[in-house]
Amino acid sequence: TYNRLVASAAIVARDYMHTQPETILEDQTVWSALAIMRDRNIRHLFVIRDGRFVGVVSNRDFRRILERLRPDGSIQGLRSLTVAEIMTPVDEVITSRPETPLRDIAELLIQRRVGCIPIVEGDNVLGILTPTDVIAALLNFHL
């Protein structure tokens, strides 16, 4: 048991992250984002501006559209609404680095109640980890 615990501390984000996560440009419409998310059956897209990571749009962010609802039930500018208008900006996104222990990632997911952790170096997104990824890693490790 001790050997398993010691080995589990050596498991890091890099070992289980999904590389090449799906991205979208910030000026694309929310409908483009929704189509990508539906087609690929994913809940998160990383938002890019000039090749840099600037935010995340998730299924939760689509609720921000409802904040624009008028008393008559319409939403002004609905057809041209961009990803940048509903995304969570990078300074509000909880990120981690490739060498972060998976245990720390699991704690972040639970404590901060987020659906993903972007794995970054500087302004570059290297991968993504979700609660499902962390559970799969633990099952793979047979803890």
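Let's start with arginine 68, which is partly exposed at a relative accessible area of 33%; here buried means under 20%, exposed over 50%, and partly exposed in between, with a 1.4 Å probe and protein chains only. Before going on, a note on the source: this is a predicted model, where local features need pLDDT of at least 70, side-chain atom pairs count only at pLDDT 80 or more, and totals for chains, interfaces and linings use all residues. Residues are numbered from 1 along each chain as its sequence is written, and side-chain values use heavy atoms, with hydrogens and water left out.

So who is the partner of arginine 68 in a salt bridge? Glutamate 85, with the closest N and O atoms 3.2 Å apart. By salt bridge I mean a side-chain nitrogen of Lys or Arg within 4 Å of a carboxyl oxygen of Asp or Glu. This pair links distant parts of the chain, 17 residues apart: glutamate 85 sits in helix α4 (residues 83-86), and arginine 68 in the loop between β4 (52-58) and α4. Helices (H or I, at least four residues) and strands (E, at least two) are DSSP runs, numbered from the N terminus. Glutamate 85 is partly exposed too, at 38%.

How many salt bridges does a search of the whole structure find? It finds 7. Another of them joins glutamate 26 to arginine 49, with the closest N and O atoms at 2.6 Å. Those two are 23 residues apart, glutamate 26 in the loop between β2 (23-25) and α3 (30-40), arginine 49 in strand β3 (residues 44-49). Glutamate 26 counts as buried because its relative accessibility is 17%, while arginine 49, at 32%, is partly exposed.

Then there is arginine 64 with aspartate 61, whose closest N and O atoms are 3.7 Å apart. Is aspartate 61 buried or exposed? At 6% relative accessibility, aspartate 61 is buried, and arginine 64 is partly exposed at 27%.

Now, over to the loop between β4 and α4, where we also find arginine 63 and asparagine 59. Arginine 63 is exposed, with a relative accessible area of 58%. Asparagine 59 is partly exposed at 39%. Leaving aside neighbours within four places in sequence, asparagine 59 is in contact (heavy atoms within 4.5 Å) with Met37 and Arg43.
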